[in-house]
Amino acid sequence: MRPEIENHWYPVAMCSGITTPRETLLLGKTITLGGQPGAFWVRDAAGNNLQVVERYGHLWTSPGQPERPLFTIPEAEEQGRRLVDCGSIKVRCSPLRAVENFLDIAHFPFIHTDILGAESHTEVERYDVKIREDENEVWATKVKFFQPQAAQSADGGITTDYMYRVAAPTVSVLYKTCPPRPGAWDVITLFVQPLTEEWCEVWPWMALYDDTTPMSDLVSFQQMIFMQDRSILENQIPVKLPLDPGMETPTQADLTSVAYRRWLKKIGYTYGAQVVAA
Amino acid sequence: MGWVAVGLGNDLRSGMAMPARIDGVDLALWRAVSGAVHAWGDRCPHRGMRLSQGFVRGETLSCIYHGWQYDSDGGCSYIPAHPDLVPPKSICATTYDCIESGGLIWVELDAPTSKPPMLPDAAALRSLQIAAPVDDVAAFLEAPDQSVIDTGDAVVVLQPTDKASCMIHVLARQNPKQTSRWAETLRKQIEEKAA
């Protein structure tokens with residue numbers, strides 16, 4: 001496999017969920033993982049140890065030689081946040097389609113009806129999108145959307161501010177208005193493990209200012225949202241994400257997705273992508 | 001390729017959308033509130049979502065993903081993320097000719113040069129999926145290369161879906177219960193033979 005694909009960090013497990021050694025897939029190849037906190041390990045099929053990092057509730061590895069250390073989320077390190085392991089959901093779709101859906105707000109009124117959006121408020125206002133060359137990340141800022149129930153801790157409808165960040169080809173982080181603490185951002189991530197080009201395991205994870213909502217409610221809220229997304233992700237044609245323009249039709253609301261696709265193409269990341277227009 | 005039956009008219013109620021397939025081509029069938037039937041390519045031009053999962057309002061079909069709304073000619077008429085925008089004419093679903101005749105819904109993927117076949121006088125009964133190629137069904141009924149097969153008690157109309165499976169649409173001359181059981185037995189025999 002090409003270095004453009006291997007030389008990235010990938011999530012392969014929730015640290016709190018690792019008990020006995022187990023096999024999983026990464027980029028179509030079998031790996032084995034196990035160990036204890038502080039001493040987790042990942043091995044390829046030939047028995048070679050791969051690099052590992054434990055961070056943000058998850059175990060990260062790379063089959064290649066990543067050019068950069070694992071991305072950081074400084075906000076997630078702040079005192080007083082609750083760190084929420086949300087478990088995982090396997091989805092029969094391209095890992096890149098899963099990330100792109102996470103970056104999209106225009107679907108909220110139709111897929112997360114009366115939760116993250118409502119049909120009475122569908123407009124997506126212009127926002128800023130940039131490929132940050134220094135960090136090699138995609139960022140969308142000044143994103144605003146009306147939400148009937150933005151989070152488990154939200155009471156009634158509010159206009160929610162968002163920032164979206166693609167920190168690695170299969171990793172996205174979103175920052176959103178934190179209802180109990182104006183001025184702070186809640187952090188919700190989508191860590192995607194590419195099992196194959198058309199099958200992925202999605203690990204959502206959160207770092208929230210919310211001292212009151214029971215943990216099980218936080219987890220089931222996020223699981224419900226992602227189950228709704230899965231009904232879309234398993235019904236897109238083609239299954240792989242088309243990187244060339246022409247096959248699909250973006251509008252201004254899709255600027256993040258356009259930048260994501262352009263960035264993937266620029267860095268040569270084609271795993272789960274359809275490069276030649278069908 | 002000629003007209004292909006894709007379902008029973010009665011199975012597609014007003015305001016409903018459902019998927020169908022002809023020779024590997026995925027279709028969204030939908031019936032407007034007026035009763036008109038439509039067969040479109042099963043993907044929204046925006047982000048490839050299946051339009052067969054969409055919702056019908058009046059004479060329009062909307063994609064479930066972002067609510068993009070399409071008129072009966074396939075042209076996009078409304079994009080909810082941009083309520084004031086008049087969508088460019090270039091945003092258009094793929095449309096196919098679609099006719100309801102003899103109790104069945106017929107689709108022609110190419111430009112139509114004829115009308116759907118006239119069916120014998122029989123009542124549209126049910127559709128069944130068969131896990132065998134369409135040629136196996138025709139051969140089993142000793143009517144190779146035919147797509148409308150009259151067995152006397154029943155009329156069987158064949159729909160190739162992909163290489164390994166097909167649909168049959170069954171019409172009954174009389175005794176619908178008996179014909180329905182016969183069709184199930186037929187399916188079982190063909191699938192056993194194919195396996």
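Which domains does the domain assignment give for chain B? The assignment, automatic or from a database, gives domain 1 (3-108) and domain 2 (123-194). This is a predicted model, where local features need pLDDT of at least 70, side-chain atom pairs count only at pLDDT 80 or more, and totals for chains, interfaces and linings use all residues. Residues are numbered from 1 along each chain as its sequence is written, while chains are lettered from A and ligands numbered from 1 in the order in which they are written.

**Between the domains**
- The centres of domain 1 and domain 2 of chain B, taken over C-alpha atoms, are 27 Å apart.
- Their contact takes 14 residues from domain 1 of chain B and 10 residues from domain 2 of chain B (C-beta atoms, placed from the backbone, within 7 Å).
- On the domain 1 side, β1 (3-8) and β2 (17-22) of chain B each supply at least two residues (strands are DSSP runs of E, at least two residues, numbered from the N terminus).
- β1(B) gives the largest share of that side, 5 residues.

**Strand pairing in chain B**
- Strand β3 (residues 25-31) and strand β4 (residues 37-41) of chain B pair antiparallel over 5 bridges (pairing needs at least two bridges found by DSSP).
- B:Leu27 stands opposite B:Gly41 in β4(B).
- β3(B) and β4(B) form a hairpin with 5 residues between them.
- In the turn, B:Gly35 has a positive phi of about 105°.
- β4(B) also runs antiparallel to strand β9 (residues 95-101) of chain B, joined by 2 bridges.
- Here B:Ala39 stands opposite B:Tyr96 in β9(B).

How values were computed
Helix = DSSP H or I, 4+ residues; strand = E, 2+ residues; numbered from the N terminus. Contact = placed C-beta atoms within 7 Å.
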